[in-house]
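This briefing covers one predicted model.

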Amino acid sequence: MAEAQQARVQKAVEDMVQSLEKDHIRKMQGRMFRCSAECCENPGHSMNQVHQCIDRCHAPLAKAQGLVTSELQQFQDRLTRCTVHCNDKAKDLFDSGAKEPAVRALMDSCVSSCVDEHLSLLPSMTRRLKDSLNSIAQ
């Protein structure tokens with residue numbers, strides 16, 4: 001993918017992840033740490049009970065991180081499939097005898113379209129992630 005296009009995607013995804021981290025993940029981390037600390041406060045609990053309690057405290061955050069990772073992987077996979085399609089179109093054009101400037105122009109245009117299309121998906125993906133993060137039981 002052209003460097004400028006890659007930078008556009010990277011910045012947009014980083015901005016989305018930072019927003020999710022600030023508005024949702026960070027609060028979940030705070031709850032997890034406070035919950036874990038409470039697990040350690042009971043002197044009557046066995047070591048195993050404390051570990052189980054801490055594991056329960058960590059479960060919502062682990063689920064949230066898994067959701068975000070999965071969505072980002074799906075986004076990356078879709079973008080990759082689109083750019084592979086662009087490569088295939090460029091190769092077909094080159095194989096049909098087109099000159100390099102025409103092939104490069106097709107590739108640039110195709111990749112740019114992929115990026116535009118996938119960047120337009122980020123707002124709905126962000127909403128979906130926020131809804132999912134809000135629904136995780138604390």
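Val13 has a relative accessibility of 15%, below the 20% limit, and therefore counts as buried. Val13 sits in helix H1, a helix that spans residues 3-41 and comes within 10 Å of helix H3, axis to axis. A search of the whole structure turns up four disulfides, and three of them are described below.

**Surroundings of Val13**

- Leaving aside residues up to four places away in sequence, Val13 touches Leu72, Phe75 and Leu122.
- Gln49 is 36 residues from Val13 along the chain, and the C-alpha atoms of the two are separated by 39 Å.

**Packing of H1 and H3**

- Helix H3 covers residues 100-119, and its axis crosses that of H1 at roughly 10°.
- Angles under 35 degrees count as roughly parallel, and H1 and H3 are therefore roughly parallel to each other.
- On the H1 side, the contact is made by Gln5, Arg8, Val9 and Ala12.
- On the H3 side, Val111, Ser112, Val115, Asp116 and Leu119 take part.
- By type, the residues of this contact between H1 and H3 divide into five nonpolar, two polar and two charged.

**Disulfide Cys35 to Cys57**

- Cys35 and Cys57 are joined by a disulfide, with an S to S distance of 1.9 Å.
- The torsion about their S-S bond is about -60°, so this disulfide is left-handed.
- Cys35 belongs to helix H1 and Cys57 to helix H2 (residues 47-95), so the pair ties together parts that are 22 residues apart in sequence.
- Cys35 has a relative accessible area of 29% and is partly exposed.
- Cys57, at 7% relative accessibility, counts as buried.

**Disulfide Cys39 to Cys53**

- A disulfide also joins Cys39 to Cys53, again with S to S given as 1.9 Å.
- The pair links distant parts of the chain, with Cys39 in helix H1 and Cys53 in helix H2, 14 residues apart.
- With a torsion of about -70° about the S-S bond of Cys39 and Cys53, the disulfide is left-handed.
- Both Cys39 and Cys53 are buried.

**Disulfide Cys86 to Cys110**

- The sulfur atoms of Cys86 and Cys110 are 2.0 Å apart and form a disulfide.
- The link of Cys86 and Cys110 is left-handed, with -80° about the S-S bond.
- Distant parts of the chain are linked here too: Cys86 is in helix H2 and Cys110 in helix H3, 24 residues apart.
- Cys86 is buried, with a relative accessible area of 1%.
- Cys110 counts as buried at 11% relative accessibility.

- When the bonded cysteines of the chain are numbered in sequence order, the pairing reads 1-4, 2-3, 5-8, 6-7.
- Cys40 is in no disulfide.
- The cysteine sulfur nearest to that of Cys40 belongs to Cys39, 6.4 Å away.

Key:
Residues numbered from 1 in each chain as written. Predicted model: local features only at pLDDT ≥ 70, side-chain atom pairs only at ≥ 80, totals over all residues. Heavy atoms only, no water. Axes fitted to C-alpha atoms, helices over the stretch in contact; angles between N-to-C directions. Helix = DSSP H or I, 4+ residues; strand = E, 2+ residues; numbered from the N terminus. Parallel < 35°, antiparallel > 145°, perpendicular 65-115°, else oblique. Contact = heavy atoms within 4.5 Å. Nonpolar A, V, L, I, M, F, W, Y, C, P; charged D, E, K, R; others polar. Buried < 20%, exposed > 50% of the residue type's maximum accessible area, 1.4 Å probe, protein only. Disulfide = S-S within 2.5 Å.
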